[in-house]
Amino acid sequence: AKSTGKNNYKIYSTTMNRKFLKQYNLEKDLRKAFHKNELVMYYQPKFNTQSKKIVGLEALVRWNHYQHGLILPGEFIPVAEESNLIFKLTEWTFRAVCNQIKQWEKNNVLLVPISINISPKFFLKNHWDDTLHQIMNEIKVNPNLLELEITESSLIQNEEHFISGILRLKKEGIKVSLDDFGTGYSSLLYLQKFQIDTVKIDQRFTKKLLENHGSIARYIINLAHELNVDVIAEGVESEEQLTFLSLYGCNQVQGFLLSKPAPEKVMEKLLVLYN
Ligand code: C2E
Ligand code: CA
Ligand code: CA
Ligand code: CA
């Protein structure tokens with residue numbers, strides 16, 4: 001806009017460009033958010049469908065922006081993915097979870113595995129598995145307490161590069177779950193090839209449980225169980241949904257009905273209460 005004169009300013013006032021500017025500012029602020037300690041980890045419990053005990057937690061990042069307040073990942077993860085910030089963010093989340101486990105271990109809080117969402121783009125990084133391995137080693141956390149939540153596009157893109165890393169971390173004890181199951185093209189072959197431990201039924205199918213006698217959910221549960229893969233349903237908001245999932249043999253449930261994502265102090269109390 002510097003040398004092209006007055007007319008071009010018009011372009012900068014269009015909605016498109018305001019959007020771009022907003023995105024640009026978010027990216028700029030996210031870059032600084034790390035050392036300003038604006039990122040916070042929330043946790044949402046996963047319950048055993050039968051015993052109703054907490055059997056795991058999912059780590060869900062939040063951004064406490066100095067000006068805009070709490071920003072949800074749906075808004076800033078795409079920004080991170082479009083820049084290279086997703087690498088730094090993934091390392092930050094992995095480290096935060098490892099530190100949390102260590103701290104709870106020290107304070108005698110009941111330990112359950114914690115899952116971390118990993119964007120497909122992270123797996124494009126060379127030696128991505130070394131990065132995770134190093135953090136885990138440095139903090140000395142038991143790999144059995146860690147789980148990676150990946151999506152179908154991670155399995156499909158860049159297969160060889162991804163598979164060697166995932167199988168190595170699995171050997172060390174890390175678990176792998178397939179998020180948003182049923183929304184893509186995953187086949188039975190994928191579940192076996194990548195040694196998936198758990199599939200997560202997407203919230204869309206949990207919402208549809210009461211239609212068609214939950215045919216999709218039942219199909220996923222039976223298919224996974226045939227292959228010795230556990231099933232968790234996300235987005236459980238009603239008692240009816242819980243009843244159906246329990247009836248169909250879904251192993252674990254997660255959702256607002258049981259608990260919303262919450263900060264570590266709230267989680268500590270829940271871990272005591274439910275066990
Ligand atoms: P996701 O992994 O599918 O996570 C589930 C989302 O559903 C979470 O939103 C959670 O708060 C929300 N949720 C849980 N129970 C219920 C329920 O009963 N009803 C409804 N309506 N929603 C429920 P959140 O925390 O805003 O995260 C959105 C997405 O952002 C996640 O989807 C995940 O893809 C991504 N994300 C979150 N944290 C991270 C992270 O640390 N790293 C990466 N790469 N992505 C993350
Ligand atoms: Ca997830
Ligand atoms: Ca999901
Ligand atoms: Ca999702």
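Predicted model: local features only at pLDDT ≥ 70, side-chain atom pairs only at ≥ 80, totals over all residues.
Biologist: Which residues are the protein donors of the calcium ion (ligand 2)?

Modeller: In sequence the donor residues of this ion follow the spacing E-x58-N-x31-E-x29-D. The donor atoms lie 2.2 to 2.3 Å from the calcium ion (ligand 2), and they belong to Glu58 (OE), Asn117 (OD1), Glu149 (OE) and Asp179 (OD).

Biologist: How many residues apart in sequence are the parts that Glu149 and Asp179 tie together?

Modeller: Both residues are donors to the calcium ion (ligand 2), and both are buried. Glu149 lies in strand 5 (residues 146-150), while Asp179 lies in strand 6 (residues 175-181), so the pair ties together parts that are 30 residues apart in sequence.

Biologist: Which residue coordinates both the calcium ion (ligand 2) and the calcium ion (ligand 3)?

Modeller: The calcium ion (ligand 2) and the calcium ion (ligand 3) are 4.1 Å apart. The residue that coordinates both is Asp179.

Biologist: What coordinates the calcium ion (ligand 4), and which residue does this ion share with the calcium ion (ligand 3)?

Modeller: The calcium ion (ligand 4) has its coordinating atoms at 2.9 to 3.1 Å, and both entries are Asp180 (OD). The calcium ion (ligand 4) and the calcium ion (ligand 3) are 3.7 Å apart. The residue coordinating both, placed in strand 6, is Asp180.

Biologist: What distance separates the end C-alpha atoms of helix 7 (residues 159-172), and what should its 14 residues span?

Modeller: At 1.5 Å a residue, the 14 residues of helix 7 should span 20 Å. The distance between the end C-alpha atoms agrees with that expectation, being 20 Å.

Biologist: What covers the buried residues of helix 7?

Modeller: The residues in question are Phe162, Ile163, Gly165, Ile166, Leu169 and Lys170, which are buried. Just after the helix, Gly173 takes a positive phi of about 120°. The cover over the buried residues of helix 7 includes helix 5 (128-139), strand 5, helix 6 (152-156), strand 6 and helix 8 (188-193).

Biologist: Why are the buried residues of helix 12 (residues 264-273) on the same side, and what arc do they cover?

Modeller: The buried residues of helix 12 are Met267, Glu268, Leu270 and Leu271. An α-helix has 3.6 residues a turn, so residues three or four places apart point the same way.

Conventions: Residues numbered from 1 in each chain as written. Chains lettered and ligands numbered in written order. Heavy atoms only, no water. Donors = N, O, S within 2.8 Å, 3.2 Å for Na, K, Ca; no water. Helix = DSSP H or I, 4+ residues; strand = E, 2+ residues; numbered from the N terminus. Buried < 20%, exposed > 50% of the residue type's maximum accessible area, 1.4 Å probe, protein only. Expected span 1.5 Å × (residues − 1). Contact = heavy atoms within 4.5 Å.
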